[in-house]
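Here's a quick briefing to read alongside the model. Have the sequence and the 3D view open as you go.

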Amino acid sequence: MTQTEIIDRIKQLKKEKNAIILAHYYTRPEVQDIADYLGDSLGLSQMAGTTEADIIVFCGVHFMAETASIISPNKKVLIPAEGAGCSLAEGVSGYDLREWKKANPDGLIVSYVNTTAEVKAYTDYCCTSSNALKIVQSLPKDKKILFVPDKNLGAYIQKVTGREMEIWNGDCCVHNKIDTQMVLDKLEEYPDADVLIHPESSCSHDDRILNHPRAFMYSTAGIIKHAKESPKQRFIIATELETIHKLQADNPTKEFIPIHPKTICGQMKKVTLEKVLEALEKEQYEVRLPEDLKEKAWLPIQRMLDLS
């Protein structure tokens, strides 16, 4: 089948099966283009909770589809690329959190949404990069906090809020490579550009970056908003490369330069048009979780959505 034929067939099946396609900004451009909703982790979670569709085809990595399944327990959630994982989600387990709770029974666990359903089940509050600051600031000041699993996002939150936290030693294998020198070099090379940085980056808690007038720390949705609203014409994008597809579509006259040509999430690229079609045709790779696990994982997600 040609790409046009695949897209036409996907559209046909969506209508027949009352299906919706959700895609993350880091997926392939052609996958982004067929999505009914394109977003970051928070936006996709919110959409999963409000859609009237019977089937959600989640174009992203596995923890995202799990989250959609928890939020929409009566929907059939399909993940086109069954093996699409995440270094952050794989970096901490439910056992780790159970052990921490034993040692800190009065402590609170804040888990980044980039975690498995099992981890969420032992979590007090979930957060995304969009609302992490707000959620941590809302917690009682007398409580000990464990933040998992991203050490860079955790350090950024701690730096900005002044809130002491125990931070798990995990990272995004893509964003962790974005360091201070890389950003400073680009700021010097392009003196007319803003640098828009995801807080999973290793430079996110460096004062040289946080205090720089042309460096801005945002979730992916925040990066897109800044670029659209800014009068500037050139931007350095310090997040996953495929975000530039959406940025360029929204701002055709502006220039977007990747911080590095290899800021690529190979796991997200496992989702292809062919796999989206196959998922719809066969209704395969449905995300199924035990009911008790869904119930436990729902509360911290609900708190995240309520505080967004």
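Where is proline 149 found? Proline 149 sits in the loop between strand E7 (145-148) and helix H8 (151-161), and a cis peptide bond with omega of about -10° joins valine 148 to proline 149.

A word on the ground rules: this is a predicted model, so local features need pLDDT of at least 70, side-chain atom pairs count only at pLDDT 80 or more, and totals for chains, interfaces and linings use all residues. Residues are numbered from 1 along each chain as its sequence is written, and side-chain values use heavy atoms, with hydrogens and water left out. Helices (H or I, at least four residues) and strands (E, at least two) are DSSP runs, numbered from the N terminus.

- Most residues other than glycine have a negative phi, and most peptide bonds are trans.
- Asparagine 18 is not a glycine, yet has a positive phi of about 50°. Its place is the loop between H1 and strand E1 (19-24).
- Tyrosine 285 also has a positive phi, near 60°, and is found in the loop between H13 and helix H14 (291-306).
- Buried or exposed? Asparagine 18 is partly exposed, with a relative accessible area of 34%, and tyrosine 285 counts as partly exposed at 33%. (Buried means under 20% relative accessible area, exposed over 50%, partly exposed in between, with a 1.4 Å probe and protein chains only.)

- Five of the five residues of strand E3 (residues 55-59) are buried, so the strand is largely enclosed by the rest of the structure.
- Both faces are covered: Ile55, Val57 and Cys59 are buried on one side, Ile56 and Phe58 on the other.
- E1 and E3 run parallel, joined by five bridges, with alanine 19 opposite isoleucine 55. (Two strands pair if DSSP finds at least two bridges between them.)
- E3 also runs parallel to strand E4 (residues 76-78), through three bridges; here isoleucine 56 stands opposite valine 77.

**The four-stranded sheet**

- An open sheet with parallel pairing has the strand order E10-E9-E11-E12.
- Strand E10 (215-217) and strand E12 (255-258) are at the edges with a single partner strand each, so one side of each has no neighbour in the sheet.
- From one strand to the next, the twist averages 25°.
- Strand E11 (residues 234-238) and E12 pair in the parallel sense over four bridges, and isoleucine 237 has proline 258 as its bridge partner in E12.
- Helix H9 (residues 180-189) lies across strand E9 (194-197), E11 and E12, running at about 155° to E9. (Axes are lines fitted to C-alpha atoms, for helices over the stretch in contact, and angles run from 0 to 180 degrees between N-to-C directions.)

**Helices H1 and H13**

- The axes of helix H1 (residues 3-17) and helix H13 (residues 273-282) come within 10 Å and cross at roughly 30°.
- H1 and H13 are therefore roughly parallel to each other (angles under 35 degrees count as roughly parallel, over 145 as roughly antiparallel, 65 to 115 as roughly perpendicular and the rest as oblique).

**Aspartate 124**

- Aspartate 124 is in the loop between helix H6 (117-121) and strand E6 (125-127), and is buried, with a relative accessible area of 15%.
- Leaving aside neighbours within four places in sequence, aspartate 124 has contacts (heavy atoms within 4.5 Å) that include Gly107, Pro300 and Arg303.
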